[in-house]
Structures are given as structure tokens and as C-alpha cells.
Amino acid sequence: MMTQRLLIVLTTFLVIGLVAFAIVGNSWANRPQTYTPQGPGEVYLALGDSLPWGFRLDDRQQDSFPGLIVASLGSSASLELVNLAVPGETSSSFVASQLPRALAYLREVRAQGRSVSPITLTIGGNDLIRVERASAPERAEAIQRFQRNLAAALDQLRAAAGAQADLAVMTYYNPYGGDPALEGSDAYWVERLNQVIRAEAGRRGVAVAEVYTAFVGGREYTHTFALFDDVHANAQGHRLIAETFLQALSYETVQR
């Protein structure tokens, strides 16, 4: 009888210990990680949607924010820009197509002994655009799907790129106006998207370019084509996005 009671007590303590370990472990996994810059490598890999692709720019190679980042770093960085961005890309299509291409490229380049840093990812805006006229539950589901896709993308990019690569994502500016505190508004859903971006990046030590903040105060109109019913950034907007990424990455630029 005594042995049976002792066994029950020990089993109870074991279960409690396992539960506590799971709670602590999960809490540790969700703790924010500090971004520590490694510096530019030999290749800058730009990923994402029509923004890094340079949609509506006269010269998307030079005027898009990836091209401006390379130019700002100057010849001392000797960066080769590889831009795999695809206009219209959602987080789901990114995971299905662009991400595998990026991972294969990273493995190939690293096998050659070359370093890839930084890697910038601009994704999520089209996830919102696809459901902008949908119901609140459908929009919430789109945000949840985006969170899963972003988490998977960042984990796989980090594994393929290695610890020496700087990863950076950006929050989206709000071209719609309105109050993000007003539940159900377009501004509210943009903020929900950005909260996910900040949270997933923060869990992994990924740099966050706060483009949302950089564009407030009227720049959401002066730095985009929003007044022409187009949410894309103009040349002035791309310059600001490039500056915001460089600040987030803690890269020194060449004065021109």
C-alpha cells in the first residue's frame, strides 16, 4: 500500500514537473531575441512583393529600395544585388514558390564560399489586399495564415542563410488613412498585420524596418501613389524605405 502511494506521489510530481517545463520552455521560446548586426556580405538578397520589385518606378533597378540600399553602402561593401521579388506575391505564394527558389540560391551561393547578407523580406501587403472587402472573420483568418507563413519563412531563411546573415523585414505603411484603434477599419487591419511582423521578427532576432512609422504624418500620400488610387511607393517613398532598412540593419552608409 505504501509503495502504491509513493508511486502515485512520484507520478504526480513528474507530471507537474513536465507541465512546468513545458510552460517555461514555451515562454523561453517566445522571448524576444535581440538583433545583432553581422554586416554586409558579398550578396544582398531581396525577397517579397511588388515593392522590392520596384513596381511603377521609371528605373526599378536603380530607384527601388534594394537598388538604393546597395548604392548607399557604396563600393566598399562590394554588394551584388539579387532581387527575386515577385509583384502580387502573397505570403502563401511566397512560401510555395519564391521561398524555395531563395533557399536553393542560398545553398548554392554558400557552397561556393560566398556570404549573403543582408536578406530583406517584404511580404504581407497583398494578403490584406486580397481580403479588403471580406468579412472580419475572413480578414482575421488571413492574418493568422500570414503569421504561419511568415514564421515558416523566417525559420527556413535563417537555417539556409546561417548565423552570419542579417535578416530584415518591414512593417507596411498605411495608405488608407483612418484610426488603427477603430476596430474593423482598414487602418486597424494594417496594424494587425504589422503587429504580427514585429512579433515574429522579434522572436527570431530579425531586424524590423519601421516603414509604417516612417510614413506617418502625410508621407503615406506624398511618398506613394495613393492619391492616384495606387498603394505603391513612389521614388521618394523608396528612398525613405531604403533609409529605414539601413537604420534597422545598423549599416553605415556612404555620404554622397
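Tutor: A residue is termed buried when its relative accessible area is under 20%, exposed when it is over 50%, and partly exposed in between. The model considered here is predicted.

Student: Is Asn 149 buried or exposed?

Tutor: Asn 149 has its place in helix H7. Leaving aside neighbours within four places in sequence, Asn 149 is in contact with Ser 91, Ser 92 and Val 95. Its relative accessible area is 14%, and the limit for burial is under 20%, so Asn 149 is buried.

Student: With which residues is Leu 157 in contact, leaving aside its neighbours within four places in sequence?

Tutor: Leu 157 is among the core members that touch the most others, as are Leu 47 and Leu 121. With neighbours within four places set aside, the residues in contact with Leu 157 are Leu 47, Leu 99, Ala 102, Leu 103, Leu 106, Leu 121 and Leu 167.

Student: How are H7 and H8 oriented to each other?

Tutor: Two packed helices are described by the angle between their axes and the distance between the axes. The axes of H7 and helix H8 (residues 186-202) come within 10 Å and cross at roughly 25°. Angles under 35 degrees count as roughly parallel, and therefore the relation of H7 to H8 is roughly parallel.

Student: How many nonpolar residues are in the contact of H7 with H8?

Tutor: On the H7 side the contact includes Ile 143, Phe 146 and Leu 150, and on the H8 side it includes Trp 189, Leu 193 and Val 196. The residues of this contact also comprise 1 polar and 4 charged, while the nonpolar ones number 12.

Student: Where does Asp 229 lie?

Tutor: Most residues other than glycine have a negative phi. Asp 229, although not a glycine, has a positive phi of about 60°. Asp 229 counts as exposed because its relative accessibility is 75%. It lies in the loop between helix H10 (219-222) and helix H11 (235-249).

Student: In which strand is Pro 118?

Tutor: Most peptide bonds are trans. The bond from Ser 117 to Pro 118 is cis, with omega near 5°. Pro 118 belongs to the strand of residues 116-122, which is S3.

Definitions and conventions
Residues are numbered from 1 along each chain as its sequence is written. This is a predicted model: local features need pLDDT of at least 70, side-chain atom pairs count only at pLDDT 80 or more; totals for chains, interfaces and linings use all residues. Side-chain values use heavy atoms; hydrogens and water are left out. A nonpolar core is a set of buried Ala, Val, Leu, Ile, Met, Phe, Trp, Tyr and Cys residues joined through side-chain atoms within 4.5 Å. Buried means under 20% relative accessible area, exposed over 50%, partly exposed in between (1.4 Å probe, protein chains only). Contact means heavy atoms within 4.5 Å. Axes are lines fitted to C-alpha atoms, for helices over the stretch in contact, and angles run from 0 to 180 degrees between N-to-C directions. Helices (H or I, at least four residues) and strands (E, at least two) are DSSP runs, numbered from the N terminus. Angles under 35 degrees count as roughly parallel, over 145 as roughly antiparallel, 65 to 115 as roughly perpendicular and the rest as oblique. Ala, Val, Leu, Ile, Met, Phe, Trp, Tyr, Cys and Pro count as nonpolar, Asp, Glu, Lys and Arg as charged, and the others, Gly among them, as polar.
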